[in-house]
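Hi,

Here is the structure I said I would hand over. Please look through the sequence and the coordinates first; my notes follow below.

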Amino acid sequence: MKITFPHMGNLYIAIEALLSELKFDLIIPPPSSKRTLTLGTKYSPETICLPLKLGVGNFLEGIELGADTGLMVGGRGPCRLGYYAALQQEILYDLGKEIEFIVLDHPKEDFVRFKSQIIPLIKAGGVKALAKGLALAWEKLVAVEKLERTAHYVRPREARPKAATQVLNRALQKLRHTNTVGGIRKLCRQECDHLRDLIDRNAQEPLKVGVVGEIYTILEPFANLDLEERLGYLGVEVLRTVSLVQWLKNNLILSSLGLYSNRWLRINARGYLHASVGGHGLESVARTVALAGQGYDGIIHILPFTCMPEIVAQCILPNVSVDYQIPVLSLVVDEHTGETGFQTRLEAFVDLLSRRGQGGLQHDSACISWS
Amino acid sequence: MGLQVVISDQTNKAILDYGVKAAVDGICLPVKVYLGHVHNLVSKGVDFLFIPYIVSVEKAEYICPKFMGLPDIIRNCLDDLPPLLSPTIDGRRGTSKVMWSYIKLGSRFAPLHKAFEAYRQATAQQCRYEQQLVNNSLDNRAQCSPNSLVIAVLGHEYLLHDEFISMGIIKRLQQAGCEIMTAEQIDPGTIAGHSCFLKKRMFWTSGKRILGSAHYFAAKADGIVSLMSFACGTDSMTTDLVDRYCHRNQIPHLVISLDEHTGQTGVLTRIEAFLDLLKRGKQHENHLSPYGKPVHSN
């Protein structure tokens, strides 16, 4: 059994840790590229959202490398993600690639399938290996996010351009080959220090921008055309509001214990959005409100074209922007890979933010943002 | 309950244009049209607007995220609205919850027993109407000319039965001498049974209806026409699944994607071509052209 799975940013590091601990053959598809996108777009429905298309591309590239099993998450709606696995299976079947699918779904969804697929998977390596694999995967996930967060902090302040990205990439590769919890923690500490060493002490305080929106497009640099890196080079400190660690904690651990509540989000979004609309829709609105109160200079809202939950947020954010006097830029991403237009919009947005900072446009609410 | 009900006009160009202007670019056509209708009602001078949060109408199923936040979308896209009446219709844990949210709404305007009675009458009326639709279906109709083509038309009800956005597709097919079948002519139990062919349970009620009825119609209809609206999230998946199903089972399938484009000629040509294909298929003993290739090529 050779398992492949779609990419989502650096998530593959954690999946690799778990599955190799369970002694599965793993085929990591090449990082999402234009070829992935071309393949995915060619075989997916026309107006479906970008993550599915890239996922199909990842699967096809994984199959080319010899994979015979696909690993995917399921879901129970209302977002389309819940049906991704089923549709991707259909697409691959019609292409004559009959690969087995392991879908990590809610046990209530299809218990027979859950029993026949997941339980052998757990039994294969034994409970001890599973526990170790999960611990490693979790630790790596935490380390990846910490490293990325540090890189976001360092980039606008670095003395030598692009140094932080180099150090980060090296650190992530080292992380892949570290296989003890203690080792991971030590490596993470060391590499964060390395990153911080790159800071130019004389650098001026950068602008602060929060990134809200759909989780895949935030985490996958290919999908968002390296948004976070671009902003860093433009001298902006990025705060990524979506965190996979937090999401897993809330939706897998706390909610299965019945302890998770989105009350904080609902209170923040009060007056704009009354309840969850699936995905990260409520989160986008609530975090925008919260960040406006924390003195952030601007918000970038990123979503794939036709994303259902985020488009509700997109309708609402212009009003949040005016009420809280915080510029919001909504970026819709699709198969389009032209970087120049994207870069120009970001540059214009950053210019607007820095002028506001100097007091030029402060009171002109009509021209607070455009999207 | 003694309240006067004002209904918006039939969709027209002005309504659509207003909606398109008020909405964000990437949202689906039905929401754009809805915004136009809301504006139409506001201009008629109403005191309250009834726009519910519709989370779910069947157990463990959803409608679509946009319906879950519809009043919030409306409130943020349009200015100067009268107060909204927005009960939360959430049947995820059983449909009895739905009843209570309606009655709670009703009790704002009338005593509780009156609201209860109004709810009872309204649901009875709705049931009667739905039963009537089932009774009128092709299966239950006695006379049906044997030569006419039977076409199943699939799509959200708000597309199918809106003559303006669907470009009168049902009427046009009927004028061309076709017998029409739609999902509301099948009772819900049958649809649920027929949606079992899916590998994974469909968690959108409308998606389940479309896929279940496609499976049901596959054996009965000469061809299937799917109406989808551009940028509709559920349609992007369900239409593709229907297409794959039809392709595998050699059922002629026509997908018509609707957006704010109002030129009708392109749609008409496609329908005519599709009907021609079906007629020829019948003449040639159901020998239909294989997918992507003409019949008469060597």
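Domain bounds here come from an automatic or database domain assignment. On that basis, the C-alpha centres of domain 1 of chain A and domain 2 of chain A lie 28 Å apart. Keep in mind that this is a predicted model.

**Domains of chain A**

The assignment puts domain 1 of chain A at 2-134 and domain 2 of chain A at 205-371. How many residues are in contact between them? On the domain 1 side there are 18, and they are in contact with 20 residues of domain 2 of chain A. Two helices of chain A, H2 (34-43) and H3 (50-64), each supply at least two residues of the domain 1 side that touches domain 2. By type, that side of domain 1 of chain A has ten nonpolar, six polar and two charged residues.

**Chain A overall**

Chain A has 14 helices and eight strands. Its C-alpha trace spans about 65 × 40 × 40 Å along the principal axes. The radius of gyration of chain A is 21 Å, which agrees with the value near 21 Å for a compact globule of 371 residues. Buried residues account for 47% of the 371 residues in chain A. Now the contacts in chain A between residues at least 6 apart in sequence: 75% of these join residues at least 24 apart.

**Where chain B meets chain A**

Chain B puts 27 residues in contact with 34 residues of chain A. Three helices of chain B give two or more residues to the chain B side: H3 (65-68), H4 (70-77) and H11 (233-248). Which of them gives the most? H11(B) does, with six residues. The chain B side that touches chain A divides into 15 nonpolar, five polar and seven charged residues.

**The core**

The largest nonpolar core has 163 residues. Residues of both chains are among those with the most contacts inside it: A:Val285 and A:Ile316, along with B:Val153, B:Leu154, B:Ile224 and B:Leu227. Helix H13 (residues 308-324) of chain A contributes the largest share of this core, eight residues.

A:Ile316 deserves a look in your viewer. Leaving aside residues up to four places away in sequence, A:Ile316 touches A:Tyr272, A:Leu273 and A:Val285 in chain A. In chain B, A:Ile316 touches B:Asp72 and B:Asn76.

Best regards

Technical notes
Residues are numbered from 1 along each chain as its sequence is written. Chains are lettered from A and ligands numbered from 1 in the order in which they are written. This is a predicted model: local features need pLDDT of at least 70, side-chain atom pairs count only at pLDDT 80 or more; totals for chains, interfaces and linings use all residues. Helices (H or I, at least four residues) and strands (E, at least two) are DSSP runs, numbered from the N terminus. The radius of gyration is taken over C-alpha atoms; the globule rule is 2.2 Å times the number of residues to the power 0.38. A residue is buried if 20 or more other C-beta atoms lie within 10 Å of its own, exposed if 12 or fewer, and partly exposed in between; C-beta atoms are placed from the backbone. Two residues are in contact if their C-beta atoms, placed from the backbone, lie within 7 Å. Ala, Val, Leu, Ile, Met, Phe, Trp, Tyr, Cys and Pro count as nonpolar, Asp, Glu, Lys and Arg as charged, and the others, Gly among them, as polar. A nonpolar core is a set of buried Ala, Val, Leu, Ile, Met, Phe, Trp, Tyr and Cys residues joined through C-beta atoms within 7 Å.
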